[in-house]
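Here is a short tour of one protein model and the two ligands that come with it. Keep the picture at hand and look up each residue as you read.

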Amino acid sequence: MNLSVIFASFMLLMSFRVLETQQLEVGFYKTTCFSAESIVRQEVEKAFFLNRGIAAGLIRLHFHDCFVRGCDGSILIDSTASNVAEKDSPANGISLRGLEVIDRAKARLEATCKGVVSCADILAFAARDATELTRGMGWSVPAGRRDGRVSLAAETVDLPPPTFNVDQATQLFMRKGLSQEEMIILLGAHSVGRSHCTSFSDRLYNFSQTSSQDPSLDPRFARFLKALCPQDRQGNINPNLVVPMNGSPNLQDNSYYADILKHRVVFTSDETLNSNSETLSLVNEYASNNTDWLVNFAQAMVKLSMIGVLTGTAGEIRSNCRVTNS
Ligand code: HEM
Ligand SMILES: *[C@@H]1O[C@H](CO)[C@@H](O)[C@H](O)[C@H]1NC(C)=O
Ligand SMILES: *[C@@H]1O[C@H](CO)[C@@H](O)[C@H](O)[C@H]1NC(C)=O
């Protein structure tokens, strides 16, 4: 081999490396699918004006996508005869909403620019749009994610359960490259949406398995929740019952932090932010300044949306978000 061949192969190798580590980029589709972001926006708006709760569902979908195998659209893949997918795990299951919005956006994008826009990017755009529609502060979405080909229910152990305390939750977020402060900022998303009663009913009826009520819950709030989440004679709770996350479930604002201070939050993982002086001081900061929270939330969402992304030639652009390309 002469020197120039060695040099050429070196350069080739380097260009592959650049491809592999290619960063996401705002306006990624401007030359390949100019209307990509506006098509997603239109579909999110249509769904939102029929059912405002869809916005919360879309924000959570992006979070759950990113925490399991990175933001690669793996949450959208349907189970098959031989595989139970992420969406059919207990952590997701019936609590997911907004999946049809992604399908509709994808169908239009395939009709307009076939094989160009990834499902993972559609989720990222939709989460931003959902935040803006609920009067939060939007952000420019770095794009260019590619879709993964694997979705395993077993990997949803990476999703935090609502029974976690602050240290457990912080450790999980740190493993995903997010700080405790970023976790607290992102948790402000719990100012929108709903929860199924079964996600927190142990706090009402079965605290520490003693058939009592969580003493950290504001008693009036506990009465309110019990009225919405009654037990039947056998002590079971209808798995379809839901409660709003707070008093303004369609409004992205800092009310979540005020609710924490008043012990009026549904999950142990929310209440637990009261239990540590560092997290409590951040809760106080965001409770007292909505703009501060909105600005920081937008930044933290950008960071969340870059976890473990596939770029360049990795993965694929799925033609149907529910199935990998054959
Ligand atoms: C310690 C971390 C977290 C825990 C334990 C947690 C847990 C939960 C649970 C149990 C639900 C209710 C699901 C149901 O029963 O319907 C929920 C809903 C929700 N979560 Fe989280 N979450 C966490 C962090 C986040 C983050 C980081 C975001 C977004 C950035 C987020 C956004 C949402 C939204 C928007 C909803 C409402 C969904 C809807 O209305 O359809 N959560 N969360
Ligand atoms: C009470 O909680 C324990 C675990 O904490 C659980 O195994 C049990 O099924 C719960 N009981 C009811 C009635 O929900
Ligand atoms: C609220 O936060 C914003 C943005 O961080 C900051 O510019 C503003 O000075 C803060 N307002 C108060 C009253 O602290």
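## A buried cysteine and its partner

Let's start with cysteine 321, which is buried, with a relative accessible area of 1%. Keep in mind that this is a predicted model. Cysteine 321 forms a disulfide with cysteine 119, and their sulfur atoms sit 2.1 Å apart. If the word is new to you: a disulfide is a covalent bond between the sulfur atoms of two cysteines.

What is the hand of the link between cysteine 119 and cysteine 321? The link is left-handed, with -95° about the S-S bond. Cysteine 119 lies in helix α5, while cysteine 321 lies in the segment after α13 (290-304), so this pair ties together parts that are 202 residues apart in sequence. And is cysteine 119 buried or exposed? Cysteine 119 counts as buried, because its relative accessibility is 0% and the cut-off for buried is under 20%.

## The other disulfides

How many disulfides does the structure hold? There are four. If you number the bonded cysteines of the chain in sequence order, the pairing reads 1-4, 2-3, 5-8, 6-7.

Take cysteine 33 and cysteine 113, which form a disulfide with their sulfur atoms 1.8 Å apart. This pair links distant parts of the chain, 80 residues apart. Cysteine 33 is in the loop between β1 (25-26) and α2 (36-50), and cysteine 113 is in the loop between α4 (99-112) and α5 (119-133). Cysteine 33 is buried at a relative accessible area of 3%, and cysteine 113 is buried too, at 10%.

Now look at cysteine 66 and cysteine 71, whose sulfur atoms are 2.1 Å apart in another disulfide. The link between cysteine 66 and cysteine 71 is right-handed, with 120° about the S-S bond. Cysteine 66 counts as buried at 0% relative accessibility, and cysteine 71 is buried with a relative accessible area of 0%.

## The largest pocket

Next, the open spaces. The largest pocket has a volume of about 980 Å³. Which residues are closest to the centre of the largest pocket? Out of 40 lining residues, they are Arg60, His64, His190, Met245 and Phe267.

Several elements give two or more residues to the lining of this pocket: α3 (54-67), α6 (166-175), α7 (180-187), β3 (194-196) and α13. The largest share of the lining comes from α3, which gives six residues.

## One enclosed space

The structure also holds one cavity of 30 Å³ or more. The largest cavity contains about 40 Å³ of space. Which residues line the largest cavity? They are His190, Met245, Asn246, Tyr256, Asp259, Val265, Val266 and Asp270.

## Around ligand 1

Ligand 1 has 25 residues around it, and those that come nearest are Arg97, His190, Arg194, His196 and Ser199.

Zoom in on the oxygen atoms of ligand 1. One oxygen atom is 2.5 Å from an N or O atom in the side chain of serine 199. A polar side-chain atom of arginine 97 lies 2.7 Å from an oxygen atom of ligand 1, and a polar side-chain atom of histidine 196 also lies 2.7 Å from an oxygen atom of this ligand.

## Around ligand 2

What surrounds ligand 2? Its neighbours are Asp202, Asn206 and Gln209. An N or O atom in the side chain of asparagine 206 is 2.3 Å from an oxygen atom of ligand 2. For glutamine 209, the distance from a side-chain N or O atom to an oxygen atom of ligand 2 is 3.4 Å. On its own, ligand 2 has 360 Å² of accessible area, and the protein covers 36% of that.

## A buried threonine

One last stop is threonine 156, found in the loop between β2 (142-143) and α6. Is threonine 156 buried or exposed? Threonine 156 is buried, with a relative accessible area of 8%. The C-alpha atoms of threonine 156 and lysine 87 are separated by 8.9 Å, and these two residues are 69 residues apart along the chain.

Conventions. Residues are numbered from 1 along each chain as its sequence is written. Chains are lettered from A and ligands numbered from 1 in the order in which they are written. This is a predicted model: local features need pLDDT of at least 70, side-chain atom pairs count only at pLDDT 80 or more; totals for chains, interfaces and linings use all residues. Side-chain values use heavy atoms; hydrogens and water are left out. A residue is near a molecule or strand if one of its heavy atoms lies within 4 Å of it. A polar contact is a pair of N or O atoms within 3.5 Å; within protein, one must be able to donate a hydrogen and the other to accept it, and residues adjacent in sequence count only if both atoms are side-chain atoms. Accessible areas come from the Shrake-Rupley method with a 1.4 Å probe; for residues, only the protein chains shown count as cover. A disulfide is a pair of cysteine sulfur atoms within 2.5 Å. Helices (H or I, at least four residues) and strands (E, at least two) are DSSP runs, numbered from the N terminus. Buried means under 20% relative accessible area, exposed over 50%, partly exposed in between (1.4 Å probe, protein chains only). On a 1 Å grid over the protein atoms alone, a cavity is a set of points where a 1.4 Å probe fits but cannot get out, and a pocket is an open set with protein on both sides within 12 Å along at least five of seven lines; lining residues have an atom within 4 Å of a point. Grid points are joined across faces, edges and corners, and a volume is the space filled by probe spheres set on the points.
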